[in-house]
Amino acid sequence: MTLNTLRAVLFLVFSVAVTNFGFASQDNEDQDKGFNAKEMIMHHVKDAHEFHIVDWDNKPISIPLPVILFTDNGLTTFMSSEFHHDDSGSTIVEKNGERFVKYHEKIYQLESGVDTLTFDEELHPTNAKLPLDFSITKNVFMMWVSVLVILLIFISAARKYKKSNNFMPKGVASFVEPLVVFIRDEVAIPMIGEKKYRKYMPFLLSVFFFIWVNNIFGLIPILNGANVSGNIAFTVSLALFTFIITIFSGNKNYWKHIFWMPGVPVPMKIFLMPIEIVGMFVKPISLTIRLFANITAGHIIILSLMSLIFIFESVAIAPVSVGFSLFILIIEIVVTAIQAYIFTVLSALYIGTATEEEHH
């Protein structure tokens, strides 16, 4: 059984278990404000405007982040701490002649003269609108941190090479060089070809390390598991870069295979053309969903396992729950690198397909 298969099975089992227990006891939880596994899991998986560290004496301790909004009155900025950890839309922040509330990690601008949010049947606010939100959320903050870490690693490695007389890797360079050589020899050259791979190495290396470092940060509890790679906007952006590079790198042979497949009868050419065009867009979509789903599933599995302690309200389940959580966490450490590798391999494969020369 592969790692992905094992994770998929566990994800299915524990998702069903948590969902059943969560919905069965939802009415009681709403009354006595008991533990809600679904709400807790989704809160940790989603992006947030602050880093929640711990609850102390029934009071949350967190690190606030800047809220940057663009409204009809111009730019409005303040710290997320002004919401006082409220995510239900109850706390109103008045800035720049406007009133804002935070509901399910989205910041809404209240209409004039409104004091409370009202909702439709689908629980969407009806008396507030979403301003343009350029806030520094925890995912954005961790992306910046990951960029700084990557720069620090590679700048340090470059300095080690400069100081070395025989260009032998030392220190951090001895860690970086095998990974760079691996991406070059096992990904770039086989997928793109020895003549053209150099031009795409910076992109492939950037994607690999950027995804890997962010995946690792997502497993650190003190960072509240910033689920960067589990954010669909993040994976869409990376897949879009691969798509753009592939499109602009496509040669005559590539476009000929898409719009007028050589070597087949004309009716078949007409039949294959729309399929190939759809395939151009399916590839980045598959990149997006694969990375997003695998990373998010790992977070949900671990949180679901830990939730069993509170769902069953028994200390006896703790050893089993914690033991399985640690087991999945170990798997997730391996998966962080595997998912970065798969994204890089597929990106190189798509680029290689676009740049492949016609065979005679």
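Two strands count as a pair if DSSP finds at least two bridges between them. Strands (E, at least two residues) and helices (H or I, at least four) are DSSP runs, numbered from the N terminus. The model you see is predicted: local features need pLDDT of at least 70, side-chain atom pairs count only at pLDDT 80 or more, and totals for chains, interfaces and linings use all residues. Residues are numbered from 1 along each chain as its sequence is written, and side-chain values use heavy atoms, with hydrogens and water left out.

Let's begin with the strands. Strand 3 (residues 66-71) and strand 9 run antiparallel and are joined by two bridges. Within this pairing, Phe70 has Leu132 of strand 9 as its bridge partner. Both strands belong to an open sheet of three strands in the order 4-3-9, with antiparallel pairing. Strand 4 (74-79) and strand 9 (132-133) each have a single partner strand, so one side of each is left without a neighbour in the sheet.

Now look at strand 1 and strand 2, which form a hairpin with two residues between them. Asp57 sits in the turn and has a positive phi of about 55 degrees. Pro60 in strand 2 is the bridge partner of Asp55.

| Antiparallel pair | Bridges |
|---|---|
| Strand 1 (residues 50-56) and strand 2 (residues 59-64) | six bridges |
| Strand 3 (residues 66-71) and strand 9 | two bridges |

Finally, visit helix 4 (residues 138-163), where Lys163 lies. Lys163 is exposed, with a relative accessible area of 70%; exposed means over 50%, with a 1.4 Å probe and protein chains only. On the surface, Lys163 gathers with Arg159, Lys160, Lys162 and Lys170 in a patch of positive charge. Such patches are made of residues with over 30% relative accessible area and no salt bridge, like charges being joined within 9 Å. A salt bridge is a side-chain nitrogen of Lys or Arg within 4 Å of a carboxyl oxygen of Asp or Glu.

Technical notes: Patches are made of residues with over 30% relative accessible area and no salt bridge: like charges are joined within 9 Å, nonpolar side chains (Val, Leu, Ile, Met, Phe, Trp, Tyr) within 5 Å. Accessible areas come from the Shrake-Rupley method with a 1.4 Å probe; for residues, only the protein chains shown count as cover. Lys and Arg count as positive and Asp and Glu as negative; His and the chain ends are not counted. The place of a charge is taken as NZ of Lys, CZ of Arg, CG of Asp or CD of Glu. Buried means under 20% relative accessible area, exposed over 50%, partly exposed in between (1.4 Å probe, protein chains only).
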